[in-house]
Amino acid sequence: MITVLYDEKFEEASELATVFNVTSRKLETSIKYTELTKKAIEASWTFFPNARFAIFLEEEVFPSSDFLNFFRQCLPSVEADDTLAGISAWNDNAYEGRAGEGTLAYRVEMFPGLGFLLKKSFYDRQMKSRMNKCCTRRSWEGWSRDGMDDFEMVIPDISRVRRDQYNGRMTDLLKELFRRPRATTAQGKQLPLSNADALETEKYERHLKETISKAGSLNQTELQRCLDKDNALYPINTITKGSFSVVCFEQKTSTDEELLNALCRCFDLFHSPKHRARGTHRGLIRFNHGDHSVFLIGSKTKYFDWKPKAAKVLRFPKKRT
């Protein structure tokens with residue numbers, strides 16, 4: 001069942017829904033878009049009280065042709081794992097040349113946004129009584145996890161949604177998210193996922209251990225050069241296709257992301273001075289260049305113990321230029 005939920009001030013949304021023979025429901029008018037989003041999520045479970053899942057597509061967001069197919073493939077694992085809150089069709093790090101081939105899904109510590117599936121059980125348990133605390137900002141700014149149990153979302157290696165050009169005040173965050181060229185799946189493609197049945201916690205961790213322990217390393221000279229110079233990038237096109245690499249870096253504490261943020265800049269992933277790195281899974285970030293996976297692993301994460309013996313550890317230089 002597709003339902004258009006709209007602010008009661010804008011009846012044209014209902015008129016357009018009628019053209020496409022789609023149900024529409026009006027919501028009490030809101031001053032802020034974030035308030036309307038909160039009302040829409042709450043109203044969805046009122047309109048469909050027996051639904052175990054709901055898919056939300058924000059305004060000015062366009063789904064790819066395999067948007068629903070991606071959700072369908074991930075859903076069995078998400079339904080079976082209480083630590084998974086749902087599925088997001090958006091990947092903050094899926095820029096052109098950094099997004100893989102569309103056949104992988106990752107677990108990340110994030111709230112959903114733009115286009116996502118949410119589990120009713122998660123909403124009832126962790127969101128319903130906290131909507132005024134968790135979800136008062138735009139989804140791309142990052143909703144708050146304070147007071148909630150640990151949970152994760154499943155995301156694609158290539159986003160299954162794209163957002164229209166943002167027309168409001170353009171901040172550094174919005175430029176980073178929506179002004180840089182992004183990868184999305186090709187129109188008409190229905191890509192099969194190679195790890196859809198390995199997203200539950202134990203299976204996912206087992207796969208990571210097997211992969212990381214056998215991974216190779218990237219060019220340490222180039223990596224160090226990139227850390228030495230604030231405007232340098234790692235030569236991504238020199239990465240060999242069809243394999244795995246680890247990049248290990250020093251941390252002072254388990255929450256220290258200084259080097260991780262620098263590496264995100266080096267690899268041209270999401271990086272913004274006032275915001276944390278995105279797409280993390282227990283301190284690890286995974287991205288792809290074609291069919292080559294790269295794992296960024298901090299010394300205070302459990303994954304550091306799984307690194308190959310030959311893997312070197314990056315440290316900030318004493319003097320940076």
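A salt bridge is a side-chain nitrogen of Lys or Arg within 4 Å of a carboxyl oxygen of Asp or Glu. By that criterion, Arg160 forms a salt bridge with Asp66, their closest N and O atoms being 3.2 Å apart. This is a predicted model, in which local features need pLDDT of at least 70 and side-chain atom pairs count only at pLDDT 80 or more, while totals for chains, interfaces and linings use all residues. Residues are numbered from 1 along each chain as its sequence is written, and side-chain values use heavy atoms, with hydrogens and water left out.

The whole structure holds 18 salt bridges.

| Pair | N to O distance |
|---|---|
| Arg160 and Asp66 | 3.2 Å |
| Asp124 and Lys120 | 2.8 Å |
| Lys302 and Glu205 | 3.1 Å |

Asp66, Asp157 and Arg160 are linked in a network of salt bridges. Buried means under 20% relative accessible area, exposed over 50%, and partly exposed in between (1.4 Å probe, protein chains only). Arg160 is buried at 0% relative accessibility, and Asp66 is buried at 0% as well. Lys302 is partly exposed at 37%, whereas Glu205 is buried at 8%.

Helices (H or I, at least four residues) and strands (E, at least two) are DSSP runs, numbered from the N terminus. Asp124 and Lys120 lie four residues apart in helix H4 (residues 120–127), so about one helical turn separates them.

Five of the five residues of strand S5 (residues 84–88) are buried, so S5 is largely enclosed by the rest of the structure. Two strands pair if DSSP finds at least two bridges between them. S5 pairs with strand S8 (residues 152–156) in the parallel sense over three bridges, and with strand S7 (residues 115–119) in the antiparallel sense over three bridges.
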